[in-house]
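Please open the model in a viewer and keep the selection panel at hand.

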Amino acid sequence: MLIQVINPMMRKKVLPGFDWKYLHRSARNLAAAVGALHARGYVIGDLNESNVLVNPMALVTVIDCDSMQVKIGSQVLPCPVGKPDYTPPELQGVPFARVQRLPEHDAFALGILVYQLLLNGNHPYRSQWLGRGDPLPIEQRIKNGWFPYSRQACPKEIALPPRAPLLGWLYPKVSVLARRCFIEGYKNPKQRPSPREWEAALAEAEKAIVPCFKGHQYSRHLPQCPRCQRP
Ligand SMILES: [Zn+2]
């Protein structure tokens, strides 16, 4: 299951040979699968880390298809479910059975899954709360658009968590897409990268992965291996 690939501890157990290249390939194949469904008029709706299988070749299977939104002529059979952690801001708190899901809604969940795959399982809206009281739950932070890598989007009480991965570790075209998904895509969902855009950027990113002398993998646009800099 995708969750086992995303989570570094679980991944070590189930797919020990899965390196950063395989993670890029899995993300790219996931984008291709989502794009293929969109091209045929389906919207997954409930795209999350438990509805996707990944095999040792990084090939991806989307499961739980009975909840997908299907269009038959002018009739739309809705997707009545969704996970708050993968739900875009504009649908947070909205009863799913009453809305027509759009490809840009899947694009938000796809962006989160790609991000988690490439950055050690971190959720892009994970942040540190420096204010008083309890931190808001992740769904509320999504609703507020508090992507912690954007200072303008966040109140001053929101900071990056200690040892958070940096967006700059990603291949430049991939980090640009991540920012578009979670910053520009907040106000305008149509700005979220399409599955095809992810596919193209991830293919390039995979080719740019190089090993360091300790055997880590990193993107060659960086002057040094980030894992060696931050052991
Ligand atoms: Zn290294």
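The stops below begin at the metal site, continue to a helix pair and end in the loops. The model is a predicted one.

**The zinc site**

Select the zinc ion together with Cys212, His216, Cys225 and Cys228. The zinc ion is coordinated by the SG atoms of Cys212, Cys225 and Cys228 and by ND1 of His216, at 2.1 to 2.3 Å. Which geometry do the four donor atoms around the zinc ion adopt? The angles they subtend run from 104 to 116°, and the arrangement is therefore tetrahedral, given that all angles must lie between 85 and 135 degrees for that class. As a reference, the ideal angle for four tetrahedral donors is 109.5 degrees. Along the chain, the donors of the zinc ion follow the spacing C-x3-H-x8-C-x2-C.

Next, colour the site by secondary structure. His216 lies in the loop between strand E7 (209-211) and strand E8 (217-219), whereas Cys228 belongs to helix H8 (residues 226-229), so the pair ties together parts that are 12 residues apart in sequence.

**Helices H6 and H7**

Select residues 172-187 for helix H6 and residues 195-207 for helix H7. The two helices pack at an angle of about 150°, with their axes 8 Å apart. H6 is therefore roughly antiparallel to H7, because an angle over 145 degrees falls in that class. To display the contact, show the following side chains:

- on H6: Lys173, Val174, Leu177, Ala178, Arg180 and Cys181;
- on H7: Glu197, Trp198, Ala201, Leu202, Glu204 and Ala205.

Sorted by class, the contact of H6 with H7 has eight nonpolar and four charged residues, with no polar ones.

Remain on H7 and select Glu206, which is in this helix. Glu206 counts as buried, at 12% relative accessibility. What does Glu206 touch, not counting residues up to four places away in sequence? The list consists of Lys21, His24, Arg25 and Arg28.

Most residues other than glycine have a negative phi.

Select Asp64, in the loop between strand E2 (60-62) and strand E3 (70-72). Its phi is near 55°, a positive value in a residue other than glycine. Asp64 counts as partly exposed, at 42% relative accessibility.

Then select Asn120, in the loop between helix H4 (103-118) and strand E5 (128-129). Asn120 is not a glycine, yet has a positive phi of about 60°. At 51% relative accessibility, Asn120 counts as exposed.

**Two further loop positions**

Select Arg151, in the loop between helix H5 (138-144) and strand E6 (158-159). Arg151 is partly exposed, with a relative accessible area of 44%. Not counting residues up to four places away in sequence, Arg151 touches Lys156, Ile158 and Ala159.

Finally, select Leu102, in the loop between strand E4 (75-77) and H4. Leu102 is partly exposed, with a relative accessible area of 34%. Draw a distance line from the C-alpha atom of Leu102 to that of Gly215: the two atoms are separated by 42 Å, and the residues are 113 residues apart along the chain.

How values were computed:
Residues are numbered from 1 along each chain as its sequence is written. This is a predicted model: local features need pLDDT of at least 70, side-chain atom pairs count only at pLDDT 80 or more; totals for chains, interfaces and linings use all residues. Side-chain values use heavy atoms; hydrogens and water are left out. Axes are lines fitted to C-alpha atoms, for helices over the stretch in contact, and angles run from 0 to 180 degrees between N-to-C directions. Helices (H or I, at least four residues) and strands (E, at least two) are DSSP runs, numbered from the N terminus. Angles under 35 degrees count as roughly parallel, over 145 as roughly antiparallel, 65 to 115 as roughly perpendicular and the rest as oblique. Contact means heavy atoms within 4.5 Å. Ala, Val, Leu, Ile, Met, Phe, Trp, Tyr, Cys and Pro count as nonpolar, Asp, Glu, Lys and Arg as charged, and the others, Gly among them, as polar. Donors are N, O and S atoms within 2.8 Å of the metal (3.2 Å for Na, K and Ca); water is not among the atoms, so sites may look incomplete. Four donors count as tetrahedral if all angles lie between 85 and 135 degrees; four count as square planar and six as octahedral if opposite donors are over 155 degrees apart and all others between 65 and 115; anything else is irregular. Buried means under 20% relative accessible area, exposed over 50%, partly exposed in between (1.4 Å probe, protein chains only).
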